[in-house]
Amino acid sequence: MAVLTEDKRKLIGQLQKHLLRWQGFKSPENSSESIGLGSVERAFPNAVFPIGSIHEFIGTTPEQAAATSGFIGGILAALMRKGGVCLWISTSNRLFPPAIKHFGVEPDRIIFIEARREKDILWALEEALKCDRLTAAVAELHEIDFNQSLRLQLAVEKSRVTGFVFRSNPLRVGNTACAARWQITPLPSESDAGMPGVGLPKWGVELLKVRNGNPGYWELKWSAGQFITVSKPEKVSELPMRNRKIG
């Protein structure tokens, strides 16, 4: 078995960085700063959560919808910890604003926009992603095709705004230009010190697709204002079939 020399390793590393840049991946300005997703972040290129990119979330049940909204809230809290504003666009405002405060996001830092049609949501999202004064934008919709997702990705590459597309009950998943495709599943909560009642939020987090990264499955919980990994990462190919409804 051939052994790579140090020069060859450096050459391969440089080629990987060039490929990532050619394929549209740009590291955050402070690439050493974690957003607090723990081992999940190591699944991304250069072990950095890709800001200035589009993240696609897939949900098929009301329970997944609620879990996904909370999980996105935790990510927004990390992105907005130094300030900033987020837009949340949907056809019906099902998110209870005070609930997002549990994940460290003040409701007055989110501007909620209600649109009548999904094409209006896509238009509003694209315009929002062009505004570099925003930190992030979230859109709830059912369908998005590759060309539409590519327009969104091109918009954020200039503004460095992070976009989240939450697709509830999509008729067809298909291919998109998004940097990552997530599926969030609620897990039984854990109460502190065996106390009765509702415990800490807990999720099954699956990265179905990651551009130039490594898909996998993790279990995370929200405690003391941060994500905490409660299980070792698993490869998507090793998951039970019940966890792999959408690929």
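Colleague: How many salt bridges does the count come to?
Modeller: This is a predicted model. In it, the count comes to eight salt bridges.

Colleague: What makes arginine 167 and glutamate 56 a salt bridge?
Modeller: Their closest N and O atoms are 2.8 Å apart. The cut-off is 4 Å between a side-chain nitrogen of Lys or Arg and a carboxyl oxygen of Asp or Glu, so the pair qualifies. The two residues come from distant parts of the chain. Arginine 167 lies in strand E5 (residues 162–168), and glutamate 56 lies in strand E1 (residues 54–59). They are 111 residues apart.

Colleague: Is arginine 167 called buried or exposed, and why?
Modeller: Its relative accessible area is 0%. Buried means under 20%, so arginine 167 is buried. Glutamate 56 is buried as well.

Colleague: Which salt bridge do arginine 167 and glutamate 143 form, and how do you know?
Modeller: Their side chains meet at 3.3 Å, N to O. The limit is 4 Å, so this is a salt bridge. This pair also links distant parts of the chain, 24 residues apart. Arginine 167 is in strand E5, while glutamate 143 sits in the loop between strand E4 (136–141) and H5.

Colleague: Why is glutamate 143 called partly exposed?
Modeller: Glutamate 143 has 26% relative accessibility. Partly exposed covers the range between buried, under 20%, and exposed, over 50%.

Colleague: What joins Glu56, Glu143, Arg167 and Arg181 into one network?
Modeller: Salt bridges that share partners do. Arginine 167 shows the idea: it has a salt bridge with glutamate 56 and another with glutamate 143.

Colleague: How do you know that arginine 117 forms a salt bridge with aspartate 120?
Modeller: The closest N and O atoms are 3.1 Å apart. That is within 4 Å, so the pair counts. Arginine 117 has a relative accessible area of 46%, and aspartate 120 has 25%. Both values lie between 20% and 50%, so each residue is partly exposed.

Colleague: Are cysteine 86 and cysteine 178 buried or exposed, and why?
Modeller: Cysteine 86 is at 0% relative accessibility. Cysteine 178 has a relative accessible area of 11%. Both values are under 20%, so both residues are buried.

Colleague: What makes Phe146, Leu150 and Leu154 a patch?
Modeller: They form a nonpolar patch on the surface, with about 250 Å² of accessible area together. Take leucine 154, found in helix H5 (residues 146–159). Its relative accessible area is 47%. A patch residue needs over 30%, so leucine 154 passes that part of the test. The value also lies between 20% and 50%, so leucine 154 is called partly exposed.

Colleague: Which strands are the edge strands of the sheet, and what makes them so?
Modeller: First, the sheet itself. Nine strands form an open sheet in the order E3-E2-E4-E5-E1-E6-E7-E8-E9. The pairing is mixed. The edge strands are strand E3 (110–114) and strand E9 (226–229), as each pairs on one side only. Neighbouring strands are turned by 25° against each other on average, direction ignored.

Colleague: How do you know that strand E7 and strand E8 pair?
Modeller: Six bridges join strand E7 (residues 202–210) to strand E8 (residues 216–223). Pairing needs at least two bridges, so these strands pair. They run antiparallel. Valine 205 stands opposite tryptophan 218 in E8.

Colleague: Why is leucine 208 called buried?
Modeller: Leucine 208, in strand E7, has a relative accessible area of 9%. That is under 20%, so the label is buried. The C-alpha atoms of leucine 208 and tryptophan 182 are separated by 5.7 Å, although the residues are 26 apart along the chain.

Colleague: And where is methionine 80 found?
Modeller: Methionine 80 is in the loop between helix H2 (62–79) and strand E2 (86–90). Its relative accessibility is 10%. This is under 20%, so methionine 80 also counts as buried.

Definitions and conventions. Residues numbered from 1 in each chain as written. Predicted model: local features only at pLDDT ≥ 70, side-chain atom pairs only at ≥ 80, totals over all residues. Heavy atoms only, no water. Buried < 20%, exposed > 50% of the residue type's maximum accessible area, 1.4 Å probe, protein only. Patch = residues over 30% accessible without salt bridge, like charges linked within 9 Å, V, L, I, M, F, W, Y side chains within 5 Å. Areas by Shrake-Rupley, 256 points an atom, 1.4 Å probe, with all protein chains shown as cover. Helix = DSSP H or I, 4+ residues; strand = E, 2+ residues; numbered from the N terminus. Axes fitted to C-alpha atoms, helices over the stretch in contact; angles between N-to-C directions.
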